[in-house]
Amino acid sequence: MVSIYRECGNDFERRKPMTRTEYIQRVELELGGFNEADKREAIEYLNEYFDEAGVDKEQEVIAELGPADKYARIIKADLIAETKPLEEIPEIRKNTYSNPPERIQDKQSPWKTIGIVLLGICALPVALPLAFAAIMVILAIFIVLIALVFSLAMVFLCCVLAIFLFGFRLITTLGQVDFGISLFFIGVILLSAGLIILSVLGIRWLIKKGIPDFSRWCSRIYKKLRKKEN
Amino acid sequence: MAFQYSGAVLDLCVLAIVEKEDTYGYKLTHQIKDKLNISESTLYPVLRRLTKDNYLKTYDQPFEGRNRRYYSITLEGKLHMKELKQEWSAYIENVETILKGESR
């Protein structure tokens with residue numbers, strides 16, 4: 001009981017006990033910063049609790065529930081325990097060392113540098129046709145790289161299909177045809193599996209290294225050109 | 001009383017009471033407080049969590065010009081209660097075994 005009195009700030013209020021409204025206001029204040037819905041529900045519950053007890057039992061209820069800030073702390077602890085895994089962990093993950101900021105930059109940089117290089121070449125005070133040619137060459141190489149990714153993807157798809165088709169043929173004709181033919185089917189399947197691995201490796205190399213390296217190379221040349229201009 | 005009630009035991013008690021009859025916060029608090037040594041302030045978080053986990057659901061009913069929020073048990077709540085009951089029995093049995101000094 002004593003602490004309830006002590007919560008009120010000045011001497012005048014220290015003499016009189018906290019009212020229900022003050023108690024609820026205090027809890028609400030302590031819960032500031034939490035989700036509105038969670039806060040509203042907690043306050044509604046508290047209001048209902050007081051209502052159920054009846055007007056004349058206001059002080060009894062306050063004594064039972066304990067100091068407002070302590071009551072709020074219990075609710076807070078529960079809310080925090082629940083919200084943390086949902087809202088804070090993704091934030092932490094973004095900043096862990098397994099994903100250094102350098103790398104994130106790298107992922108964005110190819111596209112950015114290409115854009116900068118294109119803009120830069122346009123801005124260079126060289127003959128316009130030359131700049132145009134340079135842009136075209138860079139674009140062409142870039143398109144080739146992307147086309148390579150697509151063609152490798154096609155190889156991958158075809159090989160998957162081939163494995164299914166020839167695997168089916170192999171199983172359905174096994175023992176009925178010449179062993180040489182079965183051996184040929186097995187050969188095709190193995191070849192397709194090999195090509196799948198190669199195409200996956202190729203696509204990975206192009207996306208992770210080939211295209212970024214090319215864009216970096218472009219930017220290096222562009223910087224060199226600019227130095228010469230100066 | 002020396003024993004503290006928290007977590008699963010309190011969940012089990014709340015579920016068991018609500019399973020028998022839909023009830024509201026104030027009544028539930030006092031039903032449990034009659035038997036167990038709990039503070040009045042501990043039950044709201046328990047009810048909130050059980051509701052959030054879909055073990056309980058709430059509905060409002062007007063009473064004397066205001067709202068009374070009732071809690072009722074869900075199917076999931078009943079299943080959860082069954083599990084907790086089994087674990088509780090096993091726990092009690094183990095404690096009893098130790099108290100009786102039987103060794104296996």
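Local features were taken at pLDDT of at least 70 and side-chain atom pairs only at pLDDT 80 or more, while totals for chains, interfaces and linings use all residues of the predicted model. Residues are numbered from 1 along each chain as its sequence is written, chains are lettered from A in the order in which they are written, and side-chain values use heavy atoms, with hydrogens and water left out.

Within chain A, the axes of helix α3 (residues 20–30) and α4(A) come within 10 Å and cross at roughly 160°. Helices are DSSP runs of H or I with at least four residues, and strands are runs of E with at least two, numbered from the N terminus. Axes are lines fitted to C-alpha atoms, for helices over the stretch in contact, with angles from 0 to 180 degrees between N-to-C directions. α3(A) and α4(A) are therefore roughly antiparallel (angles over 145 degrees; under 35 is roughly parallel, 65 to 115 roughly perpendicular and the rest oblique). The crossing is right-handed, that is, the near helix is turned clockwise from the far one by less than a right angle. On α3(A) the contact (heavy atoms within 4.5 Å) involves A:Arg20, A:Tyr23, A:Ile24, A:Val27 and A:Glu28, and on α4(A) A:Lys39, A:Ile43, A:Leu46, A:Asn47, A:Phe50 and A:Asp51. Six of these residues are nonpolar, one is polar and four are charged; Ala, Val, Leu, Ile, Met, Phe, Trp, Tyr, Cys and Pro count as nonpolar, Asp, Glu, Lys and Arg as charged, and the others, Gly among them, as polar.

The axis of α4(A) also comes within 9 Å of that of helix α5 (residues 58–65) of chain A, at a crossing angle of roughly 130°, which makes α4(A) oblique to α5(A). This crossing is right-handed. A:Leu46, A:Tyr49, A:Phe50 and A:Ala53 of α4(A) meet A:Glu58, A:Val61, A:Ile62, A:Glu64 and A:Leu65 of α5(A), a contact of seven nonpolar, no polar and two charged residues.

Across the two chains, the axes of α4(A) and α3(B) come within 11 Å and cross at roughly 130°, so α4(A) is oblique to α3(B). The crossing is right-handed. A:Asp38, A:Glu41, A:Ala42 and A:Tyr45 meet B:Leu43, B:Tyr44, B:Leu47, B:Arg48 and B:Lys52; five of these residues are nonpolar, none is polar and four are charged.

The second largest pocket holds about 350 Å³ of space. A pocket is an open set of points on a 1 Å grid over the protein atoms alone, where a 1.4 Å probe fits, with protein on both sides within 12 Å along at least five of seven lines; lining residues have an atom within 4 Å of a point. Grid points are joined across faces, edges and corners, and the volume is the space filled by probe spheres set on them. Of the 17 lining residues, A:Glu41, A:Glu44, B:Thr58, B:Arg69 and B:Tyr71 are the closest to the centre. Two or more residues each come from α4 (36–53) of chain A and from α3 (43–52), β2 (56–63) and β3 (66–73) of chain B. α4(A) gives the largest share, seven residues. The lining comprises five nonpolar, four polar and eight charged residues.
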